[in-house]
Amino acid sequence: MNYRHLINMTLIAFLFILSGIMSVIWNGEQSPTMLKVIMSNLIDIPQAASRMDSPPQQYFYFGHFTLLFYAAIFFNIHNIKKAIPSRIVYVSSLLLSIAFCADIGTYWLSEIYGVNFRTIVFWYIEFPALVLLLIYWIALASYQTIKARKLHKMMYLLPMSAIASDVIQYLPHSLLLAILCVVSFEYFTQNPYSNNNTSKVNA
């Protein structure tokens, strides 16, 4: 295991903990049982922020750390960009950049501009950008699976996203967790995207 994988595993573990904290803050006593048990050792189970007119300060405090994981995803894509077609890198980076900017609005600016602003930047910008990214990657993986008649590893993104969403029950963290896992362990670079394959496809 190289140092980059070690750093990624640490970030994934940190993101899972952060996701659990955010889920408990947002859902309160209605949080997933497993998360509630784990997080009760770290924080007191608060009143659900989803039922408040305005989330508590801890919602914004822990929400600020979400940017670290966008940074980790960008870093990993940069490291593997030579192994995948430039068009995929461009579209992926564009959608991630849109989601990243919207996340600043969600957890930083909405603290000033309020609930309506947060609703707009999250539900109409950040969430759609992440969903489009997932659809784009899964569509590429489906195409390569059919073409090569072999399951492309990036197809695991679909069940990983579903499982993360079910376990964590908080967005965008569950989607970011699945995306970071995919780019961290280079599911992106399975042939035919790898430079080791002479039939590199510009999807």
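Pro172 is situated in the loop that runs between helix H7 (157-168) and helix H8 (173-184). In this predicted model, the peptide bond between Leu171 and Pro172 is cis, with omega at about 5 degrees. Gln169 belongs to the loop between H7 and H8 as well.

Arg149 lies in the loop between helix H6 (115-148) and H7. Its relative accessible area is 79%, and Arg149 is therefore exposed, since the class begins over 50%.

Read from the N terminus, the order of elements is α-α-α-α-α-α-α-α. The radius of gyration of the protein chain is 18 Å, close to the 17 Å given by the globule rule for 203 residues, so the chain is as compact as a globular protein of that length. Along the principal axes, the C-alpha atoms fill a box of roughly 55 × 35 × 30 Å. Of the contacts with a separation of 6 or more, 68% are between residues 24 or more positions apart.

Buried residues account for 46% of the 203 residues. The accessible surface of the chain is about 10,400 Å², and carbon and sulfur atoms contribute 64% of that area. As for charge, there are 12 positive and 8 negative side chains, and the centres of these two sets are 23 Å apart.

A pair of aromatic rings is described by the distance of the centres and the angle of the planes. Across the whole structure, 14 aromatic pairs are found. In one of them, the ring centres of Tyr59 and Phe60 are 5.1 Å apart and the planes meet at 85 degrees, so this pair is edge-to-face, as the class requires an angle over 60 degrees. Both members are buried: Tyr59 has a relative accessible area of 3%, and Phe60 has one of 4%.

Tyr70 and Phe100 form another edge-to-face pair, with 5.9 Å from centre to centre and 80 degrees between the planes. This pair links distant parts of the chain, since Tyr70 is in helix H4 (residues 66-80) and Phe100 is in helix H5 (residues 86-113), 30 residues apart. Tyr70 is buried, at 0% relative accessibility, whereas Phe100 is partly exposed, at 25%. A further group, made up of Phe14, Tyr61, Phe62, Phe65 and Phe69, forms one aromatic cluster.

Helix H4 also holds Ala72. The relative accessibility of Ala72 is 7%, so this residue counts as buried, the limit being under 20%. Apart from neighbours within four places in sequence, Ala72 is in contact with Leu11 and Leu180. Arg118, by comparison, is 46 residues from Ala72 in sequence and 23 Å away in space, C-alpha to C-alpha.

Key:
Residues numbered from 1 in each chain as written. Predicted model: local features only at pLDDT ≥ 70, side-chain atom pairs only at ≥ 80, totals over all residues. Heavy atoms only, no water. Helix = DSSP H or I, 4+ residues; strand = E, 2+ residues; numbered from the N terminus. Rg over C-alpha atoms; globule rule 2.2 N^0.38 Å. Buried < 20%, exposed > 50% of the residue type's maximum accessible area, 1.4 Å probe, protein only. Contact = heavy atoms within 4.5 Å. Areas by Shrake-Rupley, 256 points an atom, 1.4 Å probe, with all protein chains shown as cover. Lys, Arg positive; Asp, Glu negative; His and termini not counted. Charge placed at Lys NZ, Arg CZ, Asp CG, Glu CD. Phe/Tyr/Trp six-rings, centres within 6.5 Å; stacked < 30°, edge-to-face > 60°.
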